[in-house]
Amino acid sequence: MTKSRSLVLTDSPEELVKKFLSMKDRSNIATLLDIDENTLIYHLYRVPEEKRYKTFEIPKNHGGTRTISAPITTIKIIQRKLNQVLQCIYKPRNVVHSYRHDRNIVTNAEQHLQRNLILNIDLKNFFPSIHIGRIIGLFKHQPYNCTEVVAKTLAQICCFRGTLPQGAPTSPILSNMICLTLDKDIEQLARKYGFVYTRYADDISLSTLDNDFPNAIVEYDQYGQLQVGEELQKIIRTNSFEINKEKVRIRNPNERQLVTGIVTNVFPNVRREYVRKIRAMLYALEKFGLSNAEKEYHSKYYKLSLREPSIKWTAPL
């Protein structure tokens, strides 16, 4: 008789941590995730990679598209269970506000209220830049110290086409785990120069009450163009990330200061244009009904919204 498998793990967090840290081979992984070992091997190594995920495009806020790779049902269940385990073993730093049950874009923005200067930096190709080798290294080294076979199998569960797929349940927490040293290094830099640092996924925010950032954080080239200071650049490069130079912004109190789409000049707030848009859509919904209101939104606001900062899409947990 085939054993019935659960969709979620029923062990306590302490038991999951204990099982994870004691794993030596694939059979231990199967036991941890409450899945038959042959089923695990079949879906990881025998099912063609292109059949394990469904890939599609969604529009980015500022034009272009973002590739989403969503795992098939069996892989998704395995990843959800692994995500449950990773939530138990990973303890995020206070500066991290992404993909946490107790943090969000508002708590992120609240750290930068009423600051004199706010610097926003975007990490380029955030999820695709986290390749399978980095995931293997994450699990093989401190504090997890997994065996080679366990590290590679866990990475195989989590990666698609050699990188971390945006759309997999394990990708959000793994991105935070990969950024642990990055967060630690920038946090130390923040203490050194007396400014505030937070990160929400690929969005880095730095703020200060001073009139200027030190040259370690912000520099200007011979043409007066803003660029990230060498000391901060070095930290980001050393941690194998790249700055999106087109999305480096610095704002003073006379401008609308934004952190992950939230206005932070006085108190956490959304843009007035966003409020007006919501009011217009609610009015259309009440007056014309759902179907006609949806048509109105798509005709008037949809393309415009793709160019405006908004709440970021996050992979389902």
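Modeller: Let's begin in the loop between H4 and helix H5 (105-110), the place of Tyr99. Bear in mind that this is a predicted model.

Colleague: Why is the bond that joins Gln142 and Pro143 called cis?

Modeller: Omega is about 0° there. Most peptide bonds are trans. Pro143 sits in the loop between H6 and helix H7 (148-158).

Colleague: How are two packed helices described?

Modeller: By the angle between their axes and the distance between the axes. For helix H1 (residues 13-21) and helix H4 (residues 73-89), the axes come within 9 Å and cross at roughly 95°.

Colleague: Why is H1 called roughly perpendicular to H4?

Modeller: The label covers 65 to 115 degrees, and the crossing is roughly 95°, so H1 counts as roughly perpendicular to H4.

Colleague: Which residues meet there, H1 against H4?

Modeller: From H1 you have Pro13, Leu16, Val17 and Phe20, and from H4 Gln84, Val85, Leu86, Cys88 and Ile89. By class, that contact has eight nonpolar residues, one polar and no charged.

Colleague: What about the second largest pocket: which residues are closest to its centre?

Modeller: The pocket has a volume of about 260 Å³. Of its 13 lining residues, Leu138, Gln142, Met177, Ile178 and Thr181 are closest to the centre. Helix H6 (132-140), helix H8 (171-178) and helix H9 (180-193) each give two or more residues to the lining. H6 has the largest share, three residues.

Colleague: How does that lining divide by class?

Modeller: Into seven nonpolar, five polar and one charged.

Colleague: How do you know which parts to treat with caution?

Modeller: By pLDDT, the predictor's confidence in each residue. The chain's mean is 87, with 82% of residues at 70 or more. Over residues 302-317, though, pLDDT is below 50. Beyond near neighbours in sequence, that stretch has 40 contacts in the model.

Technical notes:
Residues are numbered from 1 along each chain as its sequence is written. This is a predicted model: local features need pLDDT of at least 70, side-chain atom pairs count only at pLDDT 80 or more; totals for chains, interfaces and linings use all residues. Side-chain values use heavy atoms; hydrogens and water are left out. On a 1 Å grid over the protein atoms alone, a cavity is a set of points where a 1.4 Å probe fits but cannot get out, and a pocket is an open set with protein on both sides within 12 Å along at least five of seven lines; lining residues have an atom within 4 Å of a point. Grid points are joined across faces, edges and corners, and a volume is the space filled by probe spheres set on the points. Helices (H or I, at least four residues) and strands (E, at least two) are DSSP runs, numbered from the N terminus. Ala, Val, Leu, Ile, Met, Phe, Trp, Tyr, Cys and Pro count as nonpolar, Asp, Glu, Lys and Arg as charged, and the others, Gly among them, as polar. Axes are lines fitted to C-alpha atoms, for helices over the stretch in contact, and angles run from 0 to 180 degrees between N-to-C directions. Angles under 35 degrees count as roughly parallel, over 145 as roughly antiparallel, 65 to 115 as roughly perpendicular and the rest as oblique. Contact means heavy atoms within 4.5 Å. pLDDT is the predictor's confidence in each residue, from 0 to 100.
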